[in-house]
Amino acid sequence: MEKITIIVVDQNEEFFLYLKNSIKVFRDMEIVLWAKDGKKAIDEIICFKPDIVILDSVLTTYDGIAIIEYFQYNRSYKPISICLSSIYNEKIKSMYINRGATYFLEKYYDIGELRKILKNLCQDIYNKKDSRKANYEKEKIELLKHISMILLKLGFNARLKGYNFLREIILIKLKNREMKQVQLYREVGKIFKIAPSSVSSTIRNSIKNTYQKNKDSFFYNICYNQNTYPNNEEFINIILEEMIVYYDI
């Protein structure tokens, strides 16, 4: 069974190690990343999409409440957030909960409560994952069909790697629109077991060759009428926008 993933955001290494040992008792859970910096943590949360984020309220660059608000108000993806704070009272707790925190606990003193919360979350998360997985598989088939149709209309060769890389990268981008290009290449590289740099160069060559052979198709199908072929990011965003408009997502 797929494990429940956790990212810990805390500047204190000693506390992180203590937390890591406390979570080891849950065989269904694993910490996939430890981040010290608030701004970097947001990027990593977007990339890894953990089920749970355990974070300190005091961090560098962005504090805990800024991270919680980022995912509460600006993103479609929102992890379960468990905020730990050395400064604890009901007023601060209410502020964090109202801003989007799932739980707010007193750091160092509520580890037993944290274990109870994690234990209760296990089954809830698995039930939601099973439901989402079934819906996603149906949706994925439909989206891939549409992406394939667009690429084939533009003249891409379905037998070449660039075509397959583009299908996957556009599908990932649809679900994770905040992901940066380097993160997208990394994800596709994992799927096809090749280096991210190879993904990037293969896509670039595929776009270049297809554009040079089918300039009219680019104009009539995606209204692209420039003097040179689009770069990877431009092309992916053009197809992404068409998918967003078509499916109203």
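Residues are numbered from 1 along each chain as its sequence is written, and side-chain values use heavy atoms, with hydrogens and water left out. Because the model is predicted, local features need pLDDT of at least 70 and side-chain atom pairs count only at pLDDT 80 or more, while totals for chains, interfaces and linings use all residues.

Helices and strands here are DSSP runs (H or I of at least four residues for helices, E of at least two for strands), numbered from the N terminus. Helix α9 (residues 215-222) packs with helix α10 (residues 232-247) at about 35°, and their axes are 12 Å apart. The axes are lines fitted to C-alpha atoms, for helices over the stretch in contact, and the angle, on a scale from 0 to 180 degrees, is taken between N-to-C directions. On the α9 side, the contact (heavy atoms within 4.5 Å) is made by Phe-218, Asn-221 and Ile-222, and α10 brings in Phe-235, Ile-238, Ile-239 and Glu-242. Sorted by class, that makes five nonpolar, one polar and one charged residues. For these classes, Ala, Val, Leu, Ile, Met, Phe, Trp, Tyr, Cys and Pro are nonpolar, Asp, Glu, Lys and Arg are charged, and the others, Gly among them, are polar.

Helix α9 also has a buried side. Ser-217, Phe-218 and Ile-222 are buried, and they sit on the same side of α9 because they cover an arc of only 100° around the axis. The arc is that of the directions from the helix axis to the C-beta atoms. Asp-216 and Tyr-220, on the other side of α9, are exposed. Buried means under 20% relative accessible area and exposed over 50%, with partly exposed in between (1.4 Å probe, protein chains only).

On a 1 Å grid over the protein atoms alone, a cavity is a set of points where a 1.4 Å probe fits but cannot get out, whereas a pocket is an open set with protein on both sides within 12 Å along at least five of seven lines; lining residues have an atom within 4 Å of a point. Grid points are joined across faces, edges and corners, and a volume is the space filled by probe spheres set on the points.

The second largest pocket holds about 190 Å³. It is lined by 14 residues, and Asn-157, Leu-160, Ser-206, Asn-209 and Thr-210 are the closest to its centre. Helices α6 (161-175) and α8 (196-213) each supply at least two lining residues, with α8 giving the largest share, six. By class, the pocket lining has three nonpolar, nine polar and two charged residues.

There is one cavity of 30 Å³ or more, with about 70 Å³ of space in the largest cavity. Among the residues lining this cavity are Val-53, Phe-71, Lys-78 and Gly-100. Strand β3 (52-56) and helix α3 (64-73) are the elements that give two or more residues, and the largest share, three, comes from α3. The cavity lining divides into six nonpolar, two polar and one charged.

Finally, some single residues. Ser-200 lies in α8 and is buried at 16% relative accessible area; leaving out residues up to four places away in sequence, Ser-200 touches Tyr-185 and Asn-232. Thr-61, in the loop between β3 and α3, has a positive phi of about 60° although it is not a glycine, and counts as exposed at 57%. Lys-193, in the loop between α7 (181-192) and α8, also has a positive phi of about 60° and is exposed at 74%.
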